[in-house]
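User: I am new to reading protein models. Please walk me through the terms used for this one.

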Amino acid sequence: MSTVLKNASFINWETLRFSKTHIHIGEGEDGGLDFYNDFNKVPVSPTDEVIDCKGKLVTKSFAIPHHHAYSVLARGMPAPEKAPANFLEILKYIWWNLDKALDKDMIEASALATAMASAKAGSTFVIDHHASPDYIKGSLNVIARAFEKVGVSHLLCYEITDRDGREKAREGLEETEDYLSKNQGLVGLHASFTVGDETLKKASELMRKTSSGIHIHVAEDKVDQELCLQNHGKRVVERLSDFGVLDSSKTILAHCLHVNDNERQLIKNSAAFVVQNTESNLNNNVGYFNGEGLGERIMLGTDGMHSDMFRTAKAAYFVGQANDDIDFLSAYKRFRKVHHYLNTNNFKGDGENNLLVLDYDSPTEINEENFLGHFIFGLTSNHVQHVISDGKLIVKDRYIQTVNEEEVLNFTKEQAKRLWEKL
Ligand SMILES: [Zn+2]
């Protein structure tokens, strides 16, 4: 079964050119697209889904380059006994407490809820960074199957760290190697300050052995730099560079807030990509991202805060007015950079047959000259009506087609309750 979008106003995501067209969408990773001027020439078979897109906008769907599905069950949970006073305490009292309580069902519920929320907000690809120290082995498969059930493509990793001792670090490395032998994915590391030299060496060796990249938090808070200087006599990006982490174009450096000029230069001259996570940085009160000197490979992520890339782009633009050199076009470029990352590295699941249909009730005209103004001030995830992932219609009229939303949300509420009781 194929999907046909009739009478579409198609926006090319790279050139922002608008065209009136009918689109025949092939299913599968290499399904592709065909455009027709004349609807009578579209090869429609009786089983095809034909959607009339008159007055609607059609464009490439989105991808989230830094997410934590496991954090989704935290929404509304009880506050920690002691209020965190800084970033390290936020990790200790909230996130490292929560991730230790995760079991298989909770991980599955988190992944299902995240995939549904991502799809409904227009994203068909999620790059996730996962931690569950008491359920490491097999955790990535649980997430992969849940994402696939919903129809969201993925690039997963397990967060390897020494924060719970060498044995857990070894389990994390094993889970990674096992998963990468059968799936596309990355080698995850928590952050420089929780990873000793031995584990960092093993992770970078695994990265080279599997031709993968490292996905790691970098200088999110000043404490990462302070501990690096104290324990290793160098700065975080210098340390990662010394271990060859920056050599892979698959490497993702999340945050990069507290990096000096030399580190910016190292990143710019490397193959690695950076992910800015504005709302998470505001929430943790760790500082502001500034893209100066980092080069062009900057993407926008949600960092587990939510799964809405429209929100992320607006936050980057508004917060960037005082703290960054960002305009409509550079905000949009960062928002879309993830497709270059996925494409350059030949990852599957972000081909041209990933699309969304926007039902945008604008009070003013939208065209190729003023699209970016609408992107920042008008368009939101509320306008996402249909979503096509690898050629398959996974969201229709704002409802997920692949799983029963109500059943999934009942399951996630049950698992959230169990999780909160364990905290
Ligand atoms: Zn993160």
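This is a predicted model: local features need pLDDT of at least 70, side-chain atom pairs count only at pLDDT 80 or more; totals for chains, interfaces and linings use all residues.

User: What makes His66, His68, His217 and Asp303 donors of the zinc ion?

Analyst: Distance decides. A donor is an N, O or S atom within 2.8 Å of the metal. Here NE2 of His66, His68 and His217 and OD of Asp303 lie 2.0 to 2.2 Å from the zinc ion. Therefore these atoms meet the cut-off.

User: Why is the arrangement around the zinc ion called irregular?

Analyst: Look at the angles. The four donor atoms subtend 91 to 162°. A tetrahedral site needs all angles between 85 and 135 degrees.

User: How do you know that the zinc ion's donors include residues from distant parts of the chain?

Analyst: The donor spacing is H-x1-H-x148-H-x85-D. Take His68 and Asp303, which are 235 residues apart. His68 sits in the loop between strand 6 and helix 1. Asp303 sits in the loop between strand 14 and helix 10. Both residues are buried, a label for under 20% relative accessible area.

User: What lines the largest pocket?

Analyst: Its lining has 47 residues, with Ser71, Val72, Arg75, Gly304 and Met305 nearest the centre. The pocket holds about 1,100 Å³ of space. By class, the lining has 20 nonpolar, 15 polar and twelve charged residues.

Methods:
Residues are numbered from 1 along each chain as its sequence is written. Side-chain values use heavy atoms; hydrogens and water are left out. On a 1 Å grid over the protein atoms alone, a cavity is a set of points where a 1.4 Å probe fits but cannot get out, and a pocket is an open set with protein on both sides within 12 Å along at least five of seven lines; lining residues have an atom within 4 Å of a point. Grid points are joined across faces, edges and corners, and a volume is the space filled by probe spheres set on the points. Ala, Val, Leu, Ile, Met, Phe, Trp, Tyr, Cys and Pro count as nonpolar, Asp, Glu, Lys and Arg as charged, and the others, Gly among them, as polar. Donors are N, O and S atoms within 2.8 Å of the metal (3.2 Å for Na, K and Ca); water is not among the atoms, so sites may look incomplete. Four donors count as tetrahedral if all angles lie between 85 and 135 degrees; four count as square planar and six as octahedral if opposite donors are over 155 degrees apart and all others between 65 and 115; anything else is irregular. Helices (H or I, at least four residues) and strands (E, at least two) are DSSP runs, numbered from the N terminus. Buried means under 20% relative accessible area, exposed over 50%, partly exposed in between (1.4 Å probe, protein chains only).
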